[in-house]
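Work through the exercises below with the sequence and the model in view. Each task is followed by its solution in steps.

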Amino acid sequence: MNSLKKYIRTSLSITFLTMFIPLFSIASIVFLIKLAAYTSVIQFSLWEMIKLFFFIVPELFFYTLPISFFIAATLTMFKFSNDNEVIVMFALGIKPKLILRTLFKPALFLSIILLFDFFVLFPHAKTLYDNFISYKKSEAKFNLSASEFGHKFGDWLLYIGKENKDGTYADVVLFNKKQETEEVLIEADKAEIINDLGILRLKLSNGEGYSYSKDEFTQINFEAMFINDTMETSLHNYSSTIEYWLSTYKAKKKKRMFITDTLMSLFPVVSIFLVLSIGIVHARHQKSQIYLYLFLGIAIYYGMVLGLQKILSFYTIPVVLFVWLLVTFTIYRRAIVSKF
């Protein structure tokens with residue numbers, strides 16, 4: 001029996017890899033295409049692209065692992081049917097329950113990994129991804145360059161004479177009309193962008209400032225001046241996984257994500273009955289139908305998950321699990337147990 005279980009799991013592993021690698025590659029390409037849209041306004045280095053990819057990997061698992069296991073397990077059973085190995089197993093007195101238990105362990109292991117990935121890894125990776133994109137967008141707003149045209153810098157109009165090799169700027173002039181009757185003009189020999197915990201500001205060195213109106217004219221000289229009227233990067237922080245899920249930050253989106261990803265994580269376990277029902281076939285008569293059943297199984301389950309959550313909210317989880325297990329177990333009893 002142990003040799004048979006090992007043989008089934010080895011065959012499942014090989015088929016699973018042939019399913020998972022292409023699906024994961026396709027999902028990664030879709031992500032890279034999505035990321036390419038940011039490059040029109042944000043510049044990414046190769047290392048930053050790699051970091052963003054690792055931030056999105058936990059999310060990619062939910063689009064690939066459950067479907068890969070369901071297809072791989074079903075095709076493994078279908079291969080056994082084509083090779084008449086299932087007939088030999090049943091002829092030797094092996095019951096469908098043994099195959100069911102053999103597939104249940106890797107399915108349970110995969111669901112546990114997905115639940116851990118969803119509840120623990122995903123919040124951290126998602127927060128890092130959102131914060132990094134937010135930071136890069138804010139940084140891109142300060143992508144200044146020397147030209148005959150000025151730049152918009154918060155409430156200031158900014159002109160840069162030239163760029164230095166060390167990333168600083170020279171011959172800088174700023175103009176701000178605070179009120180109808182007062183205008184401010186600042187010129188500095190040097191300017192640099194300072195990033196202080198996500199807050200970007202402009203540091204001016206060795207310059208003069210002028211404030212003038214109809215009634216008053218003021219001049220100051222300075223060695224260093226910080227322009228704090230800048231844009232702040234919107235960063236989200238959380239101290240624990242529980243705090244992330246219970247916080248009101250993007251509450252509606254997290255609610256939908258919680259329902260959807262919980263059910264997706266449990267899909268390998270709750271679909272074991274359907275795997276045997278579809279995979280164990282009479283090869284001559286049902287060969288062309290297995291791929292249709294695979295498509296319908298995935299489409300119906302995911303359709304229930306996405307459709308019912310708008311009506312039942314969190315009750316979608318127990319309702320979908322109960323209905324799915326009841327229907328697939330009934331199919332399993334009629335298609336497999338009653339015949340073998």
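**Exercise 1: a helix pair**

Describe how helix 1 (residues 2–36) and helix 2 (residues 46–82) cross in this predicted model.

Solution. The two axes come within 6 Å, and the crossing angle is roughly 145°. Next, the handedness: helix 1 and helix 2 cross in a right-handed sense. Last, the contact residues of helix 1 with helix 2 comprise 28 nonpolar, six polar and one charged.

**Exercise 2: aromatic pairs**

Classify the ring pairs Phe20–Phe24 and Phe267–Tyr302.

Solution. The structure contains 22 aromatic pairs. For Phe20 and Phe24, the ring centres are 5.4 Å apart and the planes stand at 35°, so this pair is tilted. An angle under 30 degrees would count as stacked and one over 60 as edge-to-face. Phe20 and Phe24 sit four residues apart in helix 1, about one turn of the helix, and both are buried.

For Phe267 and Tyr302, the centre-to-centre distance is 5.8 Å and the planes make 80°, an edge-to-face pair. This pair links distant parts of the chain, with Phe267 in helix 6 (residues 251–270) and Tyr302 in helix 9 (residues 290–312), 35 residues apart. Phe267 and Tyr302 are both buried.

**Exercise 3: a ring cluster**

Which residues are linked by ring pairs into a cluster?

Solution. The cluster consists of Phe16, Phe20, Phe24, Phe31, Phe53, Phe54, Phe61 and Tyr129.

**Exercise 4: confidence**

Which elements have the lowest and the highest mean pLDDT?

Solution. The chain has a mean pLDDT of 82, with 84% of its residues at 70 or more. Among its elements, helix 8 (residues 283–286) is lowest at 60, and helix 10 (residues 316–337) is highest at 93. Where pLDDT is low, predicted coordinates should not be read in detail.

Technical notes
Residues numbered from 1 in each chain as written. Predicted model: local features only at pLDDT ≥ 70, side-chain atom pairs only at ≥ 80, totals over all residues. Heavy atoms only, no water. Axes fitted to C-alpha atoms, helices over the stretch in contact; angles between N-to-C directions. Helix = DSSP H or I, 4+ residues; strand = E, 2+ residues; numbered from the N terminus. Left-handed = near helix turned anticlockwise from the far one by under 90°. Nonpolar A, V, L, I, M, F, W, Y, C, P; charged D, E, K, R; others polar. pLDDT = per-residue confidence, 0-100. Phe/Tyr/Trp six-rings, centres within 6.5 Å; stacked < 30°, edge-to-face > 60°. Buried < 20%, exposed > 50% of the residue type's maximum accessible area, 1.4 Å probe, protein only.
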